[in-house]
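Here are a few exercises on strand order and pairing.

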Amino acid sequence: AAAPANLTFDDAPPSSQKPRRGVERLVALVTDVYGNPVPDARVELSTATGTVSPSRAATDAHGRVAVVWRTTGHAAELTLAGRVRGTDVRGKYIVAAAATAAPTHHRR
């Protein structure tokens, strides 16, 4: 593979774990200009709306890093940002925040 040129995010394949509200399971993918995966690229991840794990990692042999993003906040859009260390390669994953819960009714 050539030098890193792209950082993209995709939904992780379904797992046997029950999906939880506010938890996004993603895959960060680093590729070169030709679309080939870049192994051992050092990726840094950050968010202002929750926590991300891992916040730093090296891509595997297929150019991937498994990511768990626990979202919090009430912004209209939630953003996970990433960058490949030592390069100007950056990527973002943006989701619309969940609608607020329906009003509750109290019995008298």
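**Exercise 1: the sheet with β1**

Task: in what order do the strands of the open sheet with β1, β2, β4 and β6 lie?

Solution. Four strands form this open sheet in the order β1-β2-β6-β4, paired antiparallel. Its edge strands, β1 (6–11) and β4 (50–53), each pair on one side only. From one strand to the next, the twist averages 30°. Next, look at β4: it pairs with strand β6 (residues 64–71) in the antiparallel sense, over four bridges. Within that pairing, V52 has W69 in β6 as its bridge partner.

A word on the ground rules: this is a predicted model, where local features need pLDDT of at least 70, side-chain atom pairs count only at pLDDT 80 or more, and totals for chains, interfaces and linings use all residues. Residues are numbered from 1 along each chain as its sequence is written, and side-chain values use heavy atoms, with hydrogens and water left out.

Strands are DSSP runs of E, at least two residues, numbered from the N terminus; two of them pair if DSSP finds at least two bridges between them.

**Exercise 2: the sheet with β5**

Task: why is one side of β5 and of β8 left without a neighbour in the sheet?

Solution. Start with the order: this open sheet of four strands runs β5-β3-β7-β8, with antiparallel pairing. β5 (56–58) and β8 (90–96) are at the edges and have a single partner strand each, so one side of each lacks a neighbour in the sheet. The twist here averages 20° from one strand to the next.

T47 stands opposite L80 in β7.

Terms used:
Axes fitted to C-alpha atoms, helices over the stretch in contact; angles between N-to-C directions.
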